[in-house]
Amino acid sequence: MEYKMMVLDIDGTLMRKGSPQVTERVAKAVCGLQKKGVIVAVATGRAYFAMSGGILGGIRPDYAICSNGAQVLDKNGNVLFSQTMTPEEMYALVDYCEDYEDALCFCFEDGYYAYVGYEAIRQFYKTATGHAEHVKDGEDQDRHLKSMPLAAFCCMPPQRVEAFGKKYGYLGLQFVPYAVGRYDIVQPGLDKATGLSALLQKLDLSPAQVIAVGDNQNDLAMIRLAGLGVCMENGDEEAKRQADRLAPPCEQDGVALLIEELFGA
């Protein structure tokens, strides 16, 4: 099979979680892949603006699947696909998190607005991604009056996630774990495979022509969809079980080693 596209998760795949930038070796390998004519897309829980500041180390992806599939953009930042949360979904999260003082932020197109627990959200992003400059104090809770968010993020004990499901299960919101007690929240049926499918349709490509590489539960759907689904050795156990194969760990520049193996140095 001739693979025409490689789709890469960022945190835990292209670069270590908490690292401020992709390593030079990985960046060189990905840029070299593009020179060979292979389309490169990133698929991430991050918003598009959160890929700025040089974190990709010179990689300029052809496409970006952002906010866990809620938005797809081309290399010039033009939106090809977008899906936002509903007011009912957003208000349910705000009411619930305020009741328990659980930190909550929403991902809008211009920033992460913390509606509950600004300092906790800011500290999390600083530790987890090395970047907190995109987190804004949204405790006035009025940013959604301009436009609705693409997704949400919360700091919440697992038992409270279960309780939310019992109270608001009819909404179908998905709590996708980033770490223990840390969750990306997306609409029902929305995942990275949703965004990837929308992109493939526009490009007239089939999933069989795609290599998808990730490390976590939010990568599972695209790993299953792709012709070759790859999980990093440092990845989630379920993702590793469902992948077609493993790549060396992120800490060893595993994406670069995978590209070298599949496409030559």
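Select aspartate 219 and lysine 192: the two form a salt bridge, with their closest N and O atoms 2.5 Å apart. A salt bridge here is a side-chain nitrogen of Lys or Arg within 4 Å of a carboxyl oxygen of Asp or Glu. Aspartate 219 sits in the loop between strand S12 (210-214) and helix H6 (220-225), and lysine 192 in helix H5 (residues 192-203), so the pair ties together parts that are 27 residues apart in sequence. Helices (H or I, at least four residues) and strands (E, at least two) are DSSP runs, numbered from the N terminus.

This is a predicted model, in which local features need pLDDT of at least 70 and side-chain atom pairs count only at pLDDT 80 or more, while totals for chains, interfaces and linings use all residues. Residues are numbered from 1 along each chain as its sequence is written, and side-chain values use heavy atoms, with hydrogens and water left out.

Now show the surface over this pair. Aspartate 219 has a relative accessible area of 0% and is buried; lysine 192 is also buried, at 0%. Buried means under 20% relative accessible area, exposed over 50%, and partly exposed in between (1.4 Å probe, protein chains only).

Move on to arginine 245 and glutamate 261, whose side chains meet in a salt bridge at 2.9 Å, N to O. Arginine 245 belongs to strand S14 (residues 245-247) and glutamate 261 to helix H8 (residues 254-263), a link between distant parts of the chain, 16 residues apart. Arginine 245 is partly exposed, with a relative accessible area of 23%, whereas glutamate 261 is exposed at 52%.

Salt bridges with shared partners join Asp9, Lys192 and Asp219 into one network.

Next, select aspartate 11 and arginine 46, a salt bridge of 2.9 Å from N to O. Aspartate 11 is in the loop between strand S1 (5-8) and helix H1 (24-35), and arginine 46 in the loop between strand S2 (39-43) and strand S3 (63-66), so this pair ties together parts that are 35 residues apart in sequence. Both aspartate 11 and arginine 46 are buried.

How many salt bridges does a search of the whole structure find? The count is eleven.

Finish at glutamine 71, in strand S4 (residues 71-74). Glutamine 71 counts as buried, at 4% relative accessibility. Leaving aside neighbours within four places in sequence, glutamine 71 is in contact (heavy atoms within 4.5 Å) with Ala64, Ile65, Cys66, Val79, Phe81, Ser82, Glu109 and Leu150.
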